[in-house]
Structure formats: C-alpha cells, structure tokens
Amino acid sequence: MSDTHCPYCALQCAMTLAPGAPGGPAIEVRGRDFPTNRGGLCRKGWTSAELLGRGDRLTSPLIRQRGALREATWDEALETIAARLSEIRRASGADAIGVFGGGGLTNEKAYLLGKFARVALGTSRIDYNGRFCMSSAAAAANRAFGLDRGLPFPVSDLDTADVVLLLGSNVGDTMPPFVQHLQGARARGGLLVVDPRRSSTARLAADGAGLHVQPAPATDLALLAGITHVVLRDGLADEAYVARRTTGIDALRRSVSAWWPERTEAVTGVPAQTVREIAHRLARAESAYVLTGRGVEQHADGTDTATAAINLALVLGLVGRPGSGYGTLTGQGNGQGGREHGQKSDQLPGYRKITDPAARAHVAGVWGISPDALPGPGIPAVELLDSCGRPGGVRALLVHGSNVVVSAPDAGRVREALGRLDLLVVSDFFLSETAERADVVLPVLQWAEEEGTMTNLEGRVIRRRRALPAPGQARSELWILAQLAERLGAPSAWPTDPAAVFDELARASAGGAADYSGLSHALLDTGVAAHWPFPAGSRSGTPHLFRDRFWHDDGRARLVPVRPRTPESPAGRELSLITGRLMGHYQSGAQTRRVPELADAAPSLVAEIHPVTARDRGIAEGEPVRVAGARGVVTARARLSADIRPDTVFLPFHYPGAESANLLTSARTDPISAMPEFKNTVVTLAPASGVSP
C-alpha cells in the first residue's frame, strides 16, 4: 500500500495504490481522504494505473539511425548526447542549446533541470510549458501582490462562500472533485459563471443556483471593467480597505469610468442589468471569491484581464479577508511548483528573479559556483521554439515532460522548427508525438515509480511515493541529468536521491518568495499541511497569504489600470474559435489517449457548433466539418449544441496530427507574460464532403 497523489491536474487528489487483483493491472487505485478531493477522483484518476503496464511503454533508450529509431544502451545514448552538446556549445556558444521543461515534473526534477541548464550547459535558453498555462495569472499576481501563488488560501475555504465569481474555467470537466467546494455557493444561489459556452460548470448555476454569463469571446476584460465601474460608481467599494491596503485607486477610477453598463453590454453582449447584478451580489456577500482560469488568461491581453479580476477583488476588499479572496486555478499537476524553482526563463529557485544580484549570489552559493558564471534571463517558450534552427537560435533542444508538437500554438510552425534542429532529445515514458521526431529518446519514470514532491493549486507541498519498480531500463530524470552533468564536466554536486535533491532545493529557496527551507521529505511524510512559504523554523507554513500585508516593500497591493483592447474579430461568415479540455482527456492526450475507457469516450476531434451556425453552413450532426484559419486546417466531426454561442466554435486540444486544434491557434503573445493567444482565433467552417474525421 502506498499513499500518493493523482498524476494529472493541480488539484492533486489523494489516492492509495494497492496491489492489483490477479489478471488485472499491477496497481489498484483507491480514493483517499484529503482536503482537495475528500476521497473522490475523476475518471482520469480512477483509470490512471492502466498506464503503468502498457505494452508501448518506453523501457530502453532510442537513437535515430538512418531515419529510424533503434534501441541503444544508456552509455551509448548519454555519450552521444554529451558529445553533440559539447560540439554545438564549442561551435555556437552555450545559448545554442535549449531546454524545455514541463509543469508535470516533480519539484525535484524541475529544480535540477533549471540547475542543469544554467550550470552544466551554461545556457539561458530554458522555459517550460507552464508558459502556455499560468504565465498571465502569475504576471498579474506578481504585479498586484508582489507574489504569485494560485490560490492564496486552502481550497476548502470556498466551501462556505456566499458568492463565487468563476471566470474562464470549466472545473466540472477539468477537475470534477473541485465542484464539491462550490456547493455552498450554489445552495445560496451565488455561483456566477462567466463562459462563452454553457459548459458543465455553467449548468451548475442553473435553477436558482446562480448565473451563467455568456460574453462574446475575448471580451472578459471589458466585462470586468464594467463590473468594477459599477462597484465604484454605486458606492460598493470597501473604501477603508482600499485606503489602508492598496495604492492606485485614482488611476483605476479613471480607467473604468468609461465602462458604464450599457457600453459594457454593447461590447460583451452581457445585459447591463446583469453587469449591475454581479457587482451588487459580490458586494453584498459576507463571503465572496473571484476565481479565474485559462479561458480569460490565454489571450494576448491575458495579464491585463487577470489584473482586472484582481482589481475587482481588491476594491471589494476581498483579498486577504477571512472567508473571501481572489485566486487562479492552476492547471497542470505541478504547475505551481514547476514555475517556482528554475524552469522559467527569468527565474531562479524560490521564485527569485535571475536579474537580482542578491538572488544570484544566494543560489550560486548553494551551487558552489561564482554568481558571474550564471547566465542571464532567457527567452519565453514561443520565442524559444521559434528560434530552433534559425541563425542565432538554438541548435539543440532537450525536452522534458512536454509534448510541444501538440500543445504549442501554431503547431505546424513548431513541427517545422523542430525539424531544423541539429539535435532533439526527448525524455518521456511513451513515444509521444514530439518523441517520434527526436534524435535521441530517453525512457523515464512514471508517477507511481518515483519518489518526490508536487505543489498543488493551493500552494500545498505534497509527497509523491513509489509503488512499483522501474520497468526495463527506464531511469529518473535526476539520474539522467547527473550522468550528463558528469560527462559534460559540470561543476557543483548532482545528487540523484530525490530527498537529497529536495534538501538542496530547500536551501536554494531560503529567503525567496517561495521559501521551502523548513521542509523535507521526512517532515512531509508526517502529513503536515505544508503551504509555502514554509521557512526554516515554521510549524505550519502559510495557508493564508495576504492576511496582514502584501509582498511589496510597503505591504500594499497595487491597483493597476488596464484597458480593454479591440480583439481580432470575425467578419462576415467567420467565427471565433475557442479551445479547451474534455473531462476524459488531459493536456496533449499523450497519456489519456492510451487509456481505452477514456479514448473510447472521446476517440477523435469533435467541433461543438450552434445549430443555427450549422444550418447556415449546411452542416449536419455527426458529419465531418472543415475548420480553417490563417495558419492551418483541421477536420472534425460536428456536434450541434445550443450550449455555444452562434458566433463561436469549440475544439478540444488533446488530439495529434491533422486533428490538432493548435494547427489553428496563433503564436501571438501577451507582451508581459508571453502567453499565447490560444482562446480567440478567427476561423471559417464548412462541410468536409467525402472526408472521414
């Protein structure tokens, strides 16, 4: 029996792994009581053990020879990688080598990967797939609060809320056990869901349980400006809180002054009376929360939209008030910890800025190197991928825990970029669509085969525990990085025991915003509720942030004026494409598409289309449709539904090849966070006669 946590989303539901029955999977999953899931799991969690015994599991290194991948020994694979990296570094400099990480890596692996990039390779060119997930929310929180933690309170605090305003997140599908924390607000008629689709979460607000607000795509910032306008105009703001705990109210008043409800309605399609009602319901509530998700953040103005949500929460006096608050729902399993300890292009462990001399000196001291040996900030994910094989760009790329061929925007362009590389090395446990293109593939461990830690959406550091031995020649990334560091003649120590790596991470994070210095595997094994910051000497960490002060030097939050932009708008018969997740699949689908129960429920790409839109284009239920944009074309099967606006079409992003929704999405990015414009793409829709989806 082994107590651990689910390998999928950031809710990190607790589970127990027990020996399976004869003839079945080697491991049986049992739900375990824990504050986030209280014993429940979604279908992905219940079926997660099926991946552990699959026949297509990678168990030996692979090297490309004469166009095909063949099995190799570890010595051959590692020597090949080290030799080619050394050659590229000598010829083109350290920044000709790139590293691309993932938000599913344990804290230990994310930490060591960042150290490996900067110490063993000497490159600044490292970023990760969290850039596609949490970057806008993180940038907004850092700007407003001086600190980014997805939920600055335990998720169970939501249980007693009178009102929850949920913008751009379909938790009913993406993290079903989360829904139980919304039941209190539903019972009080206070669940307010903002989504262009009538999603499973939006339907929870029906029948007197709240409101579903269905704005036009890419108008969430205007909607938030309109709600904030009403709060300030109607005297609903917590003036004492604003005066005591924030700066910038005058500039904020000016920035929203033009967004009266009727103008907001003209831009968003949300009735003016609904705009007023949301403002008044939030202000009247004794316990109220504003929560955001990727639907409002994955835009070229995602940082400003998340900032607008924070502004609203601040003028209402919610942030840091017991029983109220603002938070953003982290998506990937270790999306929080993965961005704290060195995978991001501009950060060092402990959520330190790589440009801060004191931060550089502290981390370099832990690593036993000179601060001058550390590279400066790198470039974010979209730019990093686009630089592959270009003059001055990266010639070699090491990919860990990410499937960029499916998950990155403008996927056709990414495929071309990877093809320009001199060396592509992918570490994975299945031959993902990205691994299929690699020159070297390294087999690594799955969740139930490794020890480590994860940090969930509420900033709680938890233990992942091993229940099975590694299959075949599969190895931990910790061992791989240590072996490569040795072959590259890297300075510093390269521990491979996860507990020892965590201890080094804790020292490196000490004094940083994300301080783990009081934690260890041994302490976490006691079951302590370990919300960071958890500095040395702490007994309980920090479950509630911002109760007394914010992380800026003056202790005050920043109200930052932001202005709605004019989004790329459809014209004529064009539509807005929005993308998202299905209940049965996760991220690029590299794992869930291999689970028969999940794959059978959603085996191929389906386009959700309003019946009026379909009728006008001669599209019938279940027939193949052609979705075309400026960057590509995909074919999907039509599903007609009145749950979507007539001016939009919805595609899930879990599918590879010609069914990849990201063949259509734009690589245009937010100027602050470098978040791509995933959620608003102009497309056309037509029957795909004679095509089988």
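This is a predicted model: local features need pLDDT of at least 70, side-chain atom pairs count only at pLDDT 80 or more; totals for chains, interfaces and linings use all residues.
**Exercise 1: helix α2**

Work out whether the span of helix α2 (residues 74–92) agrees with its length, and find which residues of α2 are buried.

*Solution.* Start with the length. α2 has 19 residues, and at 1.5 Å a residue they should span 27 Å. Now check the ends: the end C-alpha atoms of α2 are 27 Å apart, which agrees.

Next, go looking for the buried residues. They are Trp74, Ala77, Leu78, Ile81, Ala82, Leu85, Ser86 and Ile88. Look down the axis of α2 and these buried residues fall within an arc of 165°, so they line one face of the helix. Why might a spacing like that work? An α-helix has 3.6 residues a turn, so residues three or four places apart point the same way.

Finally, step past the end of α2 and you meet Gly93, with a positive phi near 95°.

**Exercise 2: α3 and α21**

Describe how helix α3 (residues 107–121) and helix α21 (residues 498–509) pack.

*Solution.* Take the angle and distance: about 65°, with the axes 9 Å apart. Angles of 65 to 115 degrees count as roughly perpendicular, and α3 and α21 are therefore roughly perpendicular to each other. Their crossing is left-handed. For the contacts, Asn107, Glu108, Tyr111 and Lys115 in α3 meet residues of α21 including Pro498, Phe502 and Leu505.

**Exercise 3: Ser689**

Decide whether Ser689 is buried or exposed.

*Solution.* First find Ser689, in the segment after β27 (681–687). Its relative accessibility is 67%, and exposed means over 50%, so Ser689 counts as exposed.

Technical notes
Residues are numbered from 1 along each chain as its sequence is written. Side-chain values use heavy atoms; hydrogens and water are left out. Helices (H or I, at least four residues) and strands (E, at least two) are DSSP runs, numbered from the N terminus. The expected span of a helix is 1.5 Å times one less than its number of residues. Buried means under 20% relative accessible area, exposed over 50%, partly exposed in between (1.4 Å probe, protein chains only). The arc is that of the directions from the helix axis to the C-beta atoms. Axes are lines fitted to C-alpha atoms, for helices over the stretch in contact, and angles run from 0 to 180 degrees between N-to-C directions. Angles under 35 degrees count as roughly parallel, over 145 as roughly antiparallel, 65 to 115 as roughly perpendicular and the rest as oblique. A crossing is left-handed if the near helix is turned anticlockwise from the far one by less than a right angle, and right-handed if clockwise. Contact means heavy atoms within 4.5 Å.
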